[in-house]
Amino acid sequence: MRGLRKRYGRATAVDGVSFQVRAGEIIGLLGPNGAGKTTTISMILGVLEPTEGALSAPPPERMNFAAAHAPLPGNLTVAENLRVFSLIFGVPRPEARVRELMRRFDLERFASVKAGLLSSGEQTRLGLAKALLNEPRLLLLDEPTASLDPATARDIRAEIMAYAARGEAGVLWTSHNMSEMEEVCGRVLFLSRGRVLLEGDPRALPAERGCANLEELFVAVAREPLTP
Ligand code: ATP
């Protein structure tokens with residue numbers, strides 16, 4: 001994407017953001033509340049029209065996303081949700097794919113439960129299973145582990161890292177959990193007030209800036225006044 005901007009009246013939510021996600025890569029999109037992370041993801045998905053700028057390459061043939069703020073239809077059961085989405089995506093051999101994802105995301109015992117009745121962590125797992133149904137080439141994850149317990153979060157991180165490690169898909173991942181970003185991302189982009197302030201390897205960046213870790217760097221950068 002190149003020079004992506006989104007304005008709401010006089011307010012600018014995303015202010016000229018450019019970056020590229022390559023296959024096999026997990027990129028972390030960091031930044032304080034309101035920095036423009038979700039707006040950026042929504043423009044990549046085509047849910048929001050940019051005010052300026054565009055995706056400089058055609059979007060990959062298959063994209064998908066998971067976000068806690070976009071739950072799946074609550075009146076459909078877990079199995080129904082996955083079946084419906086696999087039909088929408090034109091997944092080959094949908095029954096086998098749904099079974100495999102229910103197993104991988106520990107959803108089998110909820111197959112006949114309405115999605116709206118699941119706990120928030122269970123709904124998150126369902127959202128991630130749905131996001132992998134069509135084996136997307138670009139996977140957009142908006143705080144995918146925010147409501148998960150530590151053990152489940154670890155399993156989910158491993159699933160997504162293994163998916164990226166196959167080398168066929170790129171992942172764009174937003175999170176407020178800095179140790180998670182250090183663990184999973186090859187590169188992080190630090191957004192503040194709609195602009196990319198810092199970019200680099202999350203394991204090297206803190207030391208380059210005289211900080212002990214990514215969390216310390218986040219706090220330091222978030223407190224700095226924005227310089228053009
Ligand atoms: P968080 O970490 O809190 O999820 P975020 O980085 O995802 O934040 P966005 O949701 O992208 O932030 O919001 C960026 C800015 O755009 C915020 O200041 C928000 O208030 C503003 N914004 C988002 N949608 C609209 C809208 N429809 N009209 C006006 N302002 C909006």
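Residues are numbered from 1 along each chain as its sequence is written. Because the model is predicted, local features need pLDDT of at least 70, side-chain atom pairs count only at pLDDT 80 or more, and totals for chains, interfaces and linings use all residues, while side-chain values use heavy atoms, with hydrogens and water left out.

Helices (H or I, at least four residues) and strands (E, at least two) are DSSP runs, numbered from the N terminus. Two strands are said to pair if DSSP finds at least two bridges between them. Strands of a sheet pair through backbone hydrogen bonds, either parallel or antiparallel.

Five antiparallel bridges join E1 to strand E2 (residues 11-17). Within this pair, lysine 6 has valine 14 in E2 as its bridge partner, and tyrosine 8 has alanine 11. E1 and E2 form a hairpin with two residues between them, and glycine 9 in the turn has a positive phi of about 60°. Strand E1 (residues 2-8) also pairs with strand E4 (residues 52-54) in the antiparallel sense, over two bridges. Here arginine 5 stands opposite glutamate 52 in E4.

The other open sheet contains six strands, ordered E5-E6-E7-E3-E8-E9, and its pairing is mixed. Strand E5 (63-67) and strand E9 (195-200) are at the edges with a single partner strand each, so one side of each is left without a neighbour in the sheet. Direction ignored, neighbouring strands of this sheet are turned by 15° against each other on average. Strand E6 (residues 138-142) pairs with strand E7 (residues 170-174) in the parallel sense over five bridges, and leucine 139 stands opposite valine 171 in E7. Helix H1 packs on this sheet, where contact means heavy atoms within 4.5 Å. H1 touches strand E3 (26-30), E5, E6, E7 and strand E8 (187-192), and its direction makes about 150° with that of E6.

The ligand is surrounded by Tyr8, Ala13, Pro32, Asn33, Gly34, Ala35, Gly36, Lys37, Thr38, Thr39, Glu143 and His176, a residue being near a molecule if one of its heavy atoms lies within 4 Å of it. Helix H1 (residues 37-45) supplies the largest share of this shell, three residues. The shell divides into four nonpolar, six polar and two charged residues, with Ala, Val, Leu, Ile, Met, Phe, Trp, Tyr, Cys and Pro counted as nonpolar, Asp, Glu, Lys and Arg as charged, and the others, Gly among them, as polar.

An N or O atom in the side chain of lysine 37 is 2.7 Å from an oxygen atom of the ligand. For threonine 38, a polar side-chain atom lies 2.8 Å from a ligand oxygen atom. A backbone N or O atom of alanine 35 lies 3.1 Å from an oxygen atom of the ligand.

Definitions and conventions:
Polar contact = N/O pair within 3.5 Å; in protein donor to acceptor, adjacent residues only side chain to side chain. Axes fitted to C-alpha atoms, helices over the stretch in contact; angles between N-to-C directions.
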